[in-house]
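Here are a few notes to read alongside the model. Have the structure open while you go through them.

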Amino acid sequence: MSDDWFHLLNTVSIAFFAISGALVAYEEEVDSFGVIVLAVITAVGGGTLRDVLLDQPIFWIDKPDYLYSTYGAIIVTVILIRLNSGISNTLMIGFDAFGLALYNVIGIEKALINETGMAVAITLGTVTAIFGGLMRDVIARKVPLVMRCELYATACIAGGLVYAGMLYAGAPYLWCILASLVTTVSLRLGALKWGWRVPIFKKDIPE
Amino acid sequence: MSDDWFHLLNTVSIAFFAISGALVAYEEEVDSFGVIVLAVITAVGGGTLRDVLLDQPIFWIDKPDYLYSTYGAIIVTVILIRLNSGISNTLMIGFDAFGLALYNVIGIEKALINETGMAVAITLGTVTAIFGGLMRDVIARKVPLVMRCELYATACIAGGLVYAGMLYAGAPYLWCILASLVTTVSLRLGALKWGWRVPIFKKDIPE
Amino acid sequence: MSDDWFHLLNTVSIAFFAISGALVAYEEEVDSFGVIVLAVITAVGGGTLRDVLLDQPIFWIDKPDYLYSTYGAIIVTVILIRLNSGISNTLMIGFDAFGLALYNVIGIEKALINETGMAVAITLGTVTAIFGGLMRDVIARKVPLVMRCELYATACIAGGLVYAGMLYAGAPYLWCILASLVTTVSLRLGALKWGWRVPIFKKDIPE
């Protein structure tokens with residue numbers, strides 16, 4: 001993946017998570033600059049963990065542009081919320097889904113560039129995609145999205161497997177990335193809309 | 001900032017957060033050495049994150065003195081609580097405020113020494129100042145102080161901006177540090193006493 | 001400690017924590033691959049923190065075998081739970097106790113190899129032993145085991161002190177490790193069975 005693409009995707013995914021963080025802050029009645037802190041942690045949390053684990057320079061310390069994009073996304077979100085107070089929870093989950101898919105594929109890419117194996121890359125993609133939203137939900141004392149039944153981690157892992165499959169099949173980078181994004185987002189949103197599940201435990205045997 | 005000053009401020013801020021952690025442990029009826037774990041995580045959590053993000057040696061691994069100060073502060077706090085069982089929550093919030101202000105300015109300083117820009121330094125100062133207390137509150141299952149309305153993150157960011165403003169104006173280091181500390185502590189304690197707020201959302205438009 | 005022993009103990013401790021994570025996921029009715037995420041975070045969380053703090057390559061990125069062991073343990077646990085739906089909470093606490101003891105001694109060993117002092121090593125052992133289970137409980141919104149009264153951190157610290165004492169007395173490595181493991185596990189399980197406590201606060205003075 002060229003640096004420009006990487007930069008663009010990273011900026012978009014950070015903005016999506018920043019928006020989701022600001023929406024949660026609004027819902028939970030945080031006020032003052034606590035909103036900014038929650039949104040910043042959501043936006044850069046996963047990527048920070050990724051860079052720490054890969055022993056790379058932290059992306060937002062290395063290139064402060066990412067921080068400016070985050071602040072920009074937060075300010076725009078706050079203004080929109082003030083203009084339009086009927087923002088729904090659905091919107092938050094939508095932004096979270098796109099951020100999740102992007103972060104997942106960026107995590108896999110960055111792991112592979114740093115010469116990890118594919119199993120490590122898929123694990124790292126999933127964990128870093130989930131991490132920012134997980135911190136957002138833990139700090140806001142909500143049930144983390146990953147703990148609910150609607151294909152959250154599953155969508156990341158599936159996106160990772162699609163990426164790996166297409167890469168081994170020799171598809172060009174951009175196609176792998178697009179296929180992975182489409183897989184993750186459509187599984188996640190489909191699960192929310194039609195209640196798709198992958199039951200791992202079957203609790204109801206006794207009845 | 002000379003190394004001696006850095007060492008002194010760091011030790012004091014760690015002690016303040018250690019005390020706040022021990023007080024929360026007392027309130028939440030933790031007992032046995034869980035008290036020590038909660039206090040240690042509160043005390044060194046923020047600084048550990050700071051050093052990890054800046055890719056510096058972790059301060060308490062590099063210089064074990066910091067760990068001894070932490071244990072000392074915890075032991076003294078436990079003894080005082082045993083002697084005087086009517087410790088109030090106000091005291092915890094006071095120690096937290098001083099720890100917050102100190103950690104904020106130390107974070108900014110250490111970021112600038114490592115040649116980050118000012119926006120990164122202020123973000124890092126705020127995040128690392130908040131982090132120890134955030135982990136304390138999450139582990140103890142309390143509403144994190146940063147999620148309440150009383151100028152918590154705001155006080156850190158304001159302290160960072162004052163520091164940056166005075167530094168650009170050419171003031172000597174020690175003055176910048178002092179002005180930042182006074183700003184953060186007085187905003188934080190003033191907000192608690194007089195209910196100061198910076199309303200970012202205006203929820204009551206419809207009424 | 002030879003590399004082989006290190007590898008073996010590490011694999012066992014990861015498997016124990018992975019099992020405890022999968023059991024908590026079952027209890028809390030997480031489903032889909034959220035189970036895997038919770039179990040993976042529990043299993044590798046503490047060791048990841050340890051390696052980040054010591055500025056070493058993260059063990060599961062460096063040697064993907066650890067990741068395969070984790071996934072293997074999770075799959076076996078899930079199959080066993082499906083076959084046998086009456087799994088009790090006691091089992092989870094038992095696996096957690098063994099994982100705790102092993103992680104503790106591995107943390108101390110790895111710190112000493114990286115030339116920290118003994119106080120730092122014992123602190124690092126305790127914090128990294130606790131960290132995976134702490135994240136598990138925070139994500140699953142349970143009261144963290146370390147916050148309860150049943151000698152959790154205490155068992156780690158005691159195991160660390162026994163290790164240090166025997167090492168200074170000149171005992172061979174394997175004996176130090178075994179003595180530390182036996183101390184931690186028996187204190188932890190004894191506290192659960194017989195209600196042992198180390199009261200640090202004496203709240204009932206007034207009565």
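1. A word on terms before the count: a helix here is a DSSP run of H or I with at least four residues, a strand is a run of E with at least two, and both are numbered from the N terminus. Keep in mind that this is a predicted model.

2. Read from the N terminus, chain A goes α-α-α-α-α-α-α-α. Its radius of gyration is 17 Å, close to the 17 Å from the globule rule for 207 residues, so chain A is as compact as a globular protein of that length. Along the principal axes, the C-alpha atoms of chain A fill a box of roughly 55 × 50 × 25 Å.

3. How much of chain A is buried? Of its 207 residues, 60% count as buried, meaning under 20% relative accessible area. As for contacts in chain A between residues at least 6 apart in sequence, 73% of them join residues at least 24 apart.

4. Chain A carries 13 positive and 17 negative side chains, with the centres of the two sets 8 Å apart.

5. Over in chain C, have a look at helix 1, which covers residues 3–27 and so has 25 residues. From first C-alpha to last, helix 1 of chain C reaches 36 Å, close to the 36 Å expected at 1.5 Å a residue. After helix 1 of chain C comes E29(C), with a positive phi near 65 degrees.

Terms used: Residues numbered from 1 in each chain as written. Chains lettered and ligands numbered in written order. Predicted model: local features only at pLDDT ≥ 70, side-chain atom pairs only at ≥ 80, totals over all residues. Heavy atoms only, no water. Rg over C-alpha atoms; globule rule 2.2 N^0.38 Å. Buried < 20%, exposed > 50% of the residue type's maximum accessible area, 1.4 Å probe, protein only. Contact = heavy atoms within 4.5 Å. Lys, Arg positive; Asp, Glu negative; His and termini not counted. Charge placed at Lys NZ, Arg CZ, Asp CG, Glu CD. Expected span 1.5 Å × (residues − 1).
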